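Here's a quick briefing for anyone opening this structure for the first time. Take a look at it, then read on for the ligand and its surroundings.

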Amino acid sequence: MIHENLAEVEKRIEEACKRAGRERSEVTLIAVSKTKPVEDIKEAMDYGMVEFGENKVQEIMDKYEAIPEKLNWHMIGHLQRNKVKYIVDKVCLIHSVDSYRLALQISQDAQKKNTICPILIEVNVAEEDTKYGVTVNEAETLVREIAELPNVKIKGLMTIAPFVGDPEENRVHFKSLKNLLVDIKRKNIDNVDMEILSMGMTGDYEVAIEEGATMVRVGTGIFGKRNYNIGV
Ligand SMILES: *Cc1c(COP(=O)(O)O)cnc(C)c1O
């Protein structure tokens, strides 16, 4: 089933790229494997996937241990400062940075491991109370503060759009994140690359690609529904 799902998602990504006049190579598909067992990840690996997204530190550590192959792990969930040290040298990108305090911790822990950790700034474009992330207005100030830290590198922006019935409802939010990316990029801030736009999930990744997403995070569309009562 996972192979069929991946083929379907791949086809839709290609079509969305075509509609937007973009190259398929401009968009990275991240398979969001949270709550799913290692066997499912192996199936996706058989298909050729190497980019995987997780939202819990413990789960990244367990899966990192269980799978000897080199994969690109993306931390996409809310991150507590006391847990940064466990994953800072295991993940290729932390998508969910929304405070200076968290970025400082990442920089300090990355320094101890002699590495530089690539991060995205999480923006709550729709200003939902239930979501993490800075507002569009706060983003540039936070980017400028974090840019001063030696062992993190800002690579772009991420958002989790509202849960909606019709993906078209999120187009406005994807547009606003893209505009913000372009605005900040124009400022040419030292130590900041505004290249990655991580937006779009199972329900709305095609619209996100049409609006400029360079990373889409697809879970259900690849692995099927999640059961939160069952562990890894
Ligand atoms: C779970 C999750 C996803 C994937 O959600 P689906 O709707 O299953 O595709 C994407 N991004 C984040 C941050 C998530 O937590």
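A polar backbone atom of G219 lies 2.8 Å from an oxygen atom of the ligand, a polar contact, meaning a pair of N or O atoms within 3.5 Å. On its own the ligand has 380 Å² of accessible area, and the protein covers 90% of that (Shrake-Rupley method, 1.4 Å probe). Keep in mind that this is a predicted model: local features need pLDDT of at least 70, side-chain atom pairs count only at pLDDT 80 or more, and totals for chains, interfaces and linings use all residues. Side-chain values use heavy atoms, with hydrogens and water left out, and residues are numbered from 1 along each chain.

**Contacts from side chains**
- K34 puts a polar side-chain atom 2.6 Å from an oxygen atom of the ligand.
- R217 has a side-chain N or O atom 2.8 Å from a nitrogen atom of the ligand.

**The shell around the ligand**
- Residues with a heavy atom within 4 Å of the ligand include V32, I76, T202, V218 and T220.
- By class, this shell has 5 nonpolar, 3 polar and 3 charged residues.

**The pocket**
- The ligand sits in the largest pocket, with more than half of its atoms within 2 Å of the pocket's grid points.
- That pocket holds about 730 Å³ of space.
- Among its 31 lining residues, K34, I160, F163, M201 and R226 are the closest to the centre.
- The lining divides into 13 nonpolar, 10 polar and 8 charged residues.

Conventions
1 Å grid on protein atoms, 1.4 Å probe; cavity = no way out; pocket = protein on both sides within 12 Å on 5 of 7 lines; lining within 4 Å. Points joined across faces, edges and corners; volume = space filled by probe spheres on them. Nonpolar A, V, L, I, M, F, W, Y, C, P; charged D, E, K, R; others polar. Polar contact = N/O pair within 3.5 Å; in protein donor to acceptor, adjacent residues only side chain to side chain.
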